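Hi,

Here is the structure I said I would pass on. Have a look first, and my notes follow below.

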Amino acid sequence: MTGRSESRTIGCVECDLLIKLPPLQARQRCLCPRCGHLLSAGNVERARQAFPFAISAAVLLPLSLLFPFMSFARSGIENEMNLFQTAWALYLDGSVILSVMVFGFIIFMPSFVVLSILLISLSMTFERSFPGLKLAARFVYAVNSWSMVEVFIIGVLVSLVKIAKMATVEIGVSLWTYLAFSIVLVLAITKLDKLVVWEYIESLRR
Amino acid sequence: MTGSQNTTAAAAGFASCHTCYLLVSSDEGRCPRCHSGVHVRMPNSLHRTMALLVTAIILYVPANVLPIMSTTVMGNPVDNTIMGGVITLWKMGSYPIAAIIFVASVFVPLAKMVSLTVLCWAAKYGRSDPKKQAVLYRVTEYLGKWSMIDVFVVAVLVALIKLGDVLSFYPGLAALTFAGVVILTMTAAANFDPRLIWDKAEARVDERMGKDE
C-alpha cells in the first residue's frame, strides 16, 4: 500500500488534470482549478452525518409501500391506488416494459441505493467493515442516476394539477412518506462524498 | 511527481479510476482499491455516444407523433400526444404546469441531443473554449433524469384514474418510446468522456505553438 500523501494526488475525472488534494474540513469543498469539476467535499466527519438520514430513508421507503398513495372519486365511483400500483397498472394495461422501467426507477433502484448508503453509514458509525461494503460503494453512485424519486414527486404534483378539476382527489399517507423519503435520500447521498468513502474503506484494511 | 502546471494523469503515465478516483499506473487494467476496470480514456467513447444519440433521435419521432396516453370519457376514447397535453394544460390556465411539461418533455430532450452533438464535435475537431464545453457537459448530465416527468405522470394517472367507462386513462406507445429517448440520452451522456475535449484543446495549443516556432 502506498502512503497517505500519495493517495491524495488524483486525476480530475472531467479533465484529467493531476491535482494534490489538501485535507478538507467538514464544510470545505475542492474544485478542479482547470475545469471547475467538484473533486471532493468534506471529510469522514461530514460523511458520518449521513447515518440518521440513511436510517430515516430505510424506514420511510417501506412505509411508502404500505399505505394508500392517492384516491380519486367521481360519479360515486372511487379508485384508490398505492405506490406499487403505479407500475402494476401499466403492466395490466399491457405496457410490460414501461411497467418494469417505472418499478425500477421509483422502487427497485432507490431500495438498492438505500441499502448501500445504510451499509456504508453503519460501517462508518461503528468503524468496522461489513461484507458487501465495497460492492455497495462501487454501485451506489452508478445506480443513483437511475433512482428517480425526486423526479417522480414532480410527476405526482403535475398529475395532481391535471386532474384536480376533474373530480375529488385525496392524498394518502404514502405520498407524504415518499416525499419525505425523497428529501432524506438526497441529503444522505450528498453527505457521502465518493472520494471520502473510498479513502475510508481503504483505511479500514490498514 | 514534477509539479508542472498542466500535467494530466495520462501524460504522467497514470489513469484515474472512474469508480473510486484512485490514480493507477496506466498499464494496469484493474483498480487495486475497488477492483473495477481502469482505462486512461473510455474506450470508443465517441462511437458509443454517437450510436446511442442517433438511436435516441430516431425514437424521438414516434415519441412525439404517437399518443402518450389515451383517455376514455363516457365510453369515448381520445388520444393525447405530448404537445397536445401541453396545449390542453395551457388552455386550462395551468400555465406553470404547462411550462414544466414543455421544458421537461420537449425542450430538455432536444437540448440534450443538440448538446451531445456539440460535445462530440468538440471532442473530435476541437473548439476554442473547453471550459464552456465542460459546463455544457455537466448541465447535460444533471438534466438527464428530469425529462422522465411525463412518463411518471402517465404512470400515476393510468393507475389512479380507472373508473371503467366513466373515466379511464390508458398508456400509449409514445410513453415507452419517450422513456427510451430519456434512457438513451442518459446512457449517451454517461458514455461520453469529457477528458477528450481537453485532450483536443491541448493538442490544438501544441499545434499552434509548433507553427509559431
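At what angle do helix H7 (residues 149–163) of chain A and H5(B) pack, and how far apart are their axes? The angle is about 60°, and the axes are 8 Å apart. Keep in mind throughout that this is a predicted model. The crossing of H7(A) past H5(B) is right-handed.

As for who touches whom, H7(A) brings A:Val151, A:Phe152, A:Ile154, A:Gly155, A:Val156, A:Val158, A:Ser159 and A:Ile163 to the contact, and H5(B) brings B:Ile149, B:Phe152, B:Val153, B:Val156 and B:Leu157. By class that is eleven nonpolar residues, two polar and no charged.

Now for the chain–chain contact as a whole. On the chain B side, 51 residues are in contact with 48 residues of chain A. Several elements of chain B give two or more residues to that side: strands S1 (14–16), S5 (162–163) and S6 (167–171), along with helices H3 (95–125), H4 (130–143), H5 (149–160), H6 (173–191) and H7 (195–212). Which of them gives the most? That is H5(B), with nine residues. Sorted by class, the side of chain B that touches chain A has 37 nonpolar, nine polar and five charged residues.

Within chain A there is another helix pair to look at. Helix H3 (residues 50–66) and helix H8 (residues 173–191) of chain A have axes that come within 8 Å and cross at roughly 150°. An angle over 145 counts as roughly antiparallel, and that makes H3(A) roughly antiparallel to H8(A). Here the crossing is left-handed, with H3(A) passing H8(A). Among the residues that meet are A:Phe53, A:Leu60 and A:Leu61 in H3(A), and A:Tyr178, A:Phe181, A:Val184 and A:Lys191 in H8(A). The contact of H3(A) with H8(A) has 14 nonpolar residues, four polar and one charged.

Chain A also has an open sheet of three strands, in the order S6-S5-S7, with antiparallel pairing. Strand S6 (77–82) and strand S7 (168–171) of chain A are at the edges with a single partner strand each, so one side of each has no neighbour in the sheet. Ignoring direction, neighbouring strands are turned by 15° against each other on average. Strand S5 (residues 68–74) of chain A pairs with S7(A) over four bridges, in the antiparallel sense. If you want a pair to click on, A:Ala73 has A:Thr168 in S7(A) as its bridge partner.

Last, the domains. Chain A is divided into domain 1 (1–42) and domain 2 (43–204), with C-alpha centres 30 Å apart. Seven residues of domain 1 of chain A are in contact with eight residues of domain 2 of chain A. On the domain 1 side of that contact, three residues are nonpolar, four are polar and none is charged. For chain B, the assignment gives domain 1 (1–40) and domain 2 (44–212), and the centres of these two, taken over C-alpha atoms, are separated by 33 Å.

Cheers

How values were computed
Residues numbered from 1 in each chain as written. Chains lettered and ligands numbered in written order. Predicted model: local features only at pLDDT ≥ 70, side-chain atom pairs only at ≥ 80, totals over all residues. Domains from an automatic or database assignment. Contact = placed C-beta atoms within 7 Å. Nonpolar A, V, L, I, M, F, W, Y, C, P; charged D, E, K, R; others polar. Pairing = 2+ DSSP bridges. Axes fitted to C-alpha atoms, helices over the stretch in contact; angles between N-to-C directions. Left-handed = near helix turned anticlockwise from the far one by under 90°. Parallel < 35°, antiparallel > 145°, perpendicular 65-115°, else oblique.
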